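Please report on the fold shown here.

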Amino acid sequence: MFRYTLNQLRTSVRQLTAAALAILIATAFLTAGLAASAVVKQTTIKIVSDDFAQADLVITPFWLDPEAADAVRGIPGVKEAYAPATTSSVASHDDIKQYVNLGTVAPTAGLEAWPVDHGQEPAQAGEVALAQSIAERLGLALGDQFTLTFENWQTEDYQNHAVTVTLVGTFDDSGPFMWLRADARTPLATFGEAQVQHDFAGGGSALWSDALLIMVDPDVEMGPGSTLRQAIGQALDDYAAGAGEATAQAEPDVQELLQGAEGDQAEQATAGAEAAAESSYSEDDAADATESLIQTRAQAAAARAADYLDSDVVLTIIGLVFGGLALLVAALVIANTFQVLIASRARTLALLRCVGATKDQVRRSVLIESLLVGVGASVLGVALGGGLVQLALLLAGRRFPSIPIPGFVGLPLWLVMFAILAGTGTTLLAALAPARLATKVAPVEALRPQGVPTVRTGAGRARLLASAALTLAGAALLTYGVWFIRSHPEQEYGASINAVLAGLLGGALAAVGILLGTVFWLPKVVGWLAKLLTRTGAGARLAAANSVRQPRRTAATATALLIGVTLVSAMTVGAACMAKTMNNLVYTYWPIDIEVGQLEVNSELAADDAGAACGLSDEQEDWYTTVTWGNADTPPLTEAEVAAAQGVDGLGATALLYGGTVTAPDASGLAVDFSLAGADPDAIGQVMNRPEVAQTLADGEVAIGAGLAGILADARQVFCMVFSDTVPADSAPAAGDAFEVTVTGPAGQQTLTFRYVPGMDTLGVLALVDQATLEALVGPSEPQALWATLDDDADPVATTDRLQNTMTDLARNSSTVQPVGGSAVERADTLKTIDTMLLVGLALLAVSVLVALIGVANTLSLSVIERRRETAVLRALGLTRGQTRWMMAVEGMVIAGVAGLCGVVIGAVYGWAATALVAGYSDDFALALPVGRLALILALSVVAGLVASVLPGRRAAQTPPAAARAPA
């Protein structure tokens, strides 16, 4: 039987090629996906490892000031220690400003990850090395002086601390962003006295370090439990205790933690230290040293990379999911191929049974054949996948030279074995059903093709009932999940996890039911569609009849393509729904396309009044003269800024907003100062999609949000949140609630109607009124902000950049630059992110669709082989070669078109359901149907069916009429 199997394999090479190609592609895709995951992990570890320079030991997270390295530097065996520290600052030169992450200078070149490549390292106070890109942006050359301003470090007179420094070196910053990276570095002495104090913290270093890097002498033992590690732990413990900020009594202490504990012991020791530290809270970051563990550079890099990649589990799962999908589709192609092969070998199998072959021998013959095909195709697939990854590494290394992409990646043995076993196992599983059929076909029926299961047989009825039960039960669960999420928005996603799980389970059950029943309904749909084409000629009529001649084969072929198209359509519809939902969400929270400037949003209450309600101490009342709710004062817009902004290309309608401070009593009579904004109602109606706001202003009323409504209802309770955990009583108003308040301003007093408008809090204003009413209260004022819409064809990012550049140019001789914000860029970024994810998903799913199309071509090719004599007879009766090719083309297009149409419909339903389960609780959730994209998917399916029919049609057209006389 083995020789017979090998002989059958040799004679069926052409028929098995498509099946082997399908498993080859799927295995190659699986291999490439898993290998890519390993490459990403390896690259990330290399990037982080470079971040630690040549350090032998790393302690992280550390959170100490840079002087902590002095405690370790003198230990015998420690060659050098460095705690790289950073803080934010502003570099300015010739009225150009740039935020930079400023760090300290390493004491030795071995601990500096980004050495200076032009100039020299800063060596004394006032010398700075900058990233090359920042130096170019500021227009600096070596030797130029510029200013560094520390906005969060204030001097004794509460002025921002500024230092004049000199550029002495630049370094390349074109590489990937790293954890300890600083845009600039300078010696510690440059920071001056401002280094040690926050103006609001009452002490504590304003510089912080995320790691302690240690270089060790070559011959010193530094493993877990070594004398060196004990000494380092004791030194850090003494340093923390000496600073008076550590928890001296906490057990276990730093020394015990740093003895090299690993795994669960390290976690338990760290948790114990954290719990003990909580009993004696300290503001000094030195106490956080109790959370540290000493690691080698390789260990620290792997741990930090795991934080970025979640141990690359996500990437691995993605590779497995899409690789498994490709294997599933390949299994359908393989099963279909072997079914046809067995049907074509029925006479041979019957003769084998007559001469004594048992059922087990026949079954083993089919399985051995599938095993050989699976092993061979899987091995080639692994080689192809590895080669593709290697080619990608070569191209990526040339395209991104600054990223340490490995030049070569070896495939781990486990990956090779897993991919080969997955491909081979899929082939064997797909061949089980055909092998079983080979043992059950009686010799008298061996010449008949296998028909479709019918409800007249027990197996057919069972299959039909199972399909119906799974589909209906799944649809019910899916509907329940969507209904619950949509009808219980107050539960939100976390509380509705059971409904989400029910919906996911229902979707899976319905999918299984649909696939199980395709053998009943797909051939009927194919036949119905084929009949519509019968009027286009004899070839089409023949194709209509041929497409339903083998219902089981037609169903298997269409199902393979159906799976791919359904997933593509579901992802497309889901992405469209998420894009529309996120667009609505962004517009809800910030319904203004563009904002220039910033409105003053303040609300103040005298501290003694707040103290009476919140239980403030005398010291707190003395320190806080007022309780402020909102941001600080902002400069008004100048006429030049307004004119320049309105002239920027891409902006549509604009509205100017003015502001002033007024006073109104809360419900108990307590006076509250708050900011009141004013604008023209017509202009407001043109720049935002909130008609109720513009209508409120037009009616002469004040539009307010829930924040100010709560303050005016009970100011004391709201302001208590500043000092305690007291939660104000629930005084949330309902939409449309209105009440009258007498408002007093510098220019007059009026009794106004305050109306609550939902969503007002997201506008960045406490209260909005028409401009005339504002001027009556506060007098004439300058505009503080400009709101604008974008033209329909304007690019949000480009328009915002032009507007920001315009404001920056106008501020060259000013200390401030008017900010540019709004939702336009955020919406554009959101849509771009969703589109990118969609493209990645479609690219991955394209592999499955490709395998399915191979199945279509395989089915047509096998059909040509089976119908060779029939085709020859038709050619003898006058069927032209063109008509023969068209017959195969129609058959391919019908099968692919039906799969595409059904896949688009089912995918749209699943796309809607999936996004409803994920985001249906949101009021901003919206369904979308990207008709254009779905039509394109359907059209591509039909075109793909046409392409798949080219080679089979060409082969059928070459059948000579004389073949009709050949023996069967």
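## Contacts and overall make-up

A contact means heavy atoms within 4.5 Å. Among contacts in the protein between residues at least 6 apart in sequence, 80% join residues at least 24 apart.

This is a predicted model, in which local features need pLDDT of at least 70, side-chain atom pairs count only at pLDDT 80 or more, and totals for chains, interfaces and linings use all residues. Residues are numbered from 1 along each chain as its sequence is written, and side-chain values use heavy atoms, with hydrogens and water left out.

The protein has 32 helices and 23 strands. Both are DSSP runs numbered from the N terminus: helices are H or I with at least four residues, strands are E with at least two. Of the 968 residues, 48% are buried. Buried means under 20% relative accessible area, exposed means over 50%, and partly exposed lies in between (1.4 Å probe, protein chains only). The accessible surface comes to about 44500 Å². Carbon and sulfur atoms account for 59% of that surface. Areas come from the Shrake-Rupley method with a 1.4 Å probe; for residues, only the protein chains shown count as cover.

## Strand pairing

Two strands pair if DSSP finds at least two bridges between them. Strand β22 spans residues 783–790, and eight of its eight residues are buried. Strand β13 (residues 594–597) runs antiparallel to β22, joined by four bridges. Here Val 596 is partnered with Leu 786. Strand β16 (residues 651–665) is also antiparallel to β22, with six bridges. Leu 651 has Leu 790 as its bridge partner.

β19 (residues 738–745) and β20 (residues 748–756) form an antiparallel pair over eight bridges. The two make a hairpin with two residues between them. Thr 744 bridges to Gln 749 in β20.

## Nonpolar cores

A nonpolar core is a set of buried Ala, Val, Leu, Ile, Met, Phe, Trp, Tyr and Cys residues joined through side-chain atoms within 4.5 Å. The largest has 81 residues. Val 389, Leu 561 and Val 851 have the most contacts inside it. Not counting residues up to four places away in sequence, Val 389 touches Ala 32, Ala 35, Val 39 and Val 409. A second, separate core has 23 residues, including Ala 664, Phe 674, Ile 711 and Val 778.

## Pro 961

Where does Pro 961 sit? Pro 961 lies in the segment after α32 (950–957). Pro 961 counts as partly exposed because its relative accessibility is 36%.

Beyond residues up to four places away in sequence, Pro 961 touches Ala 872, Arg 875 and Ala 876. Leu 879 is 82 residues away along the chain, yet its C-alpha atom is 9.9 Å from that of Pro 961.
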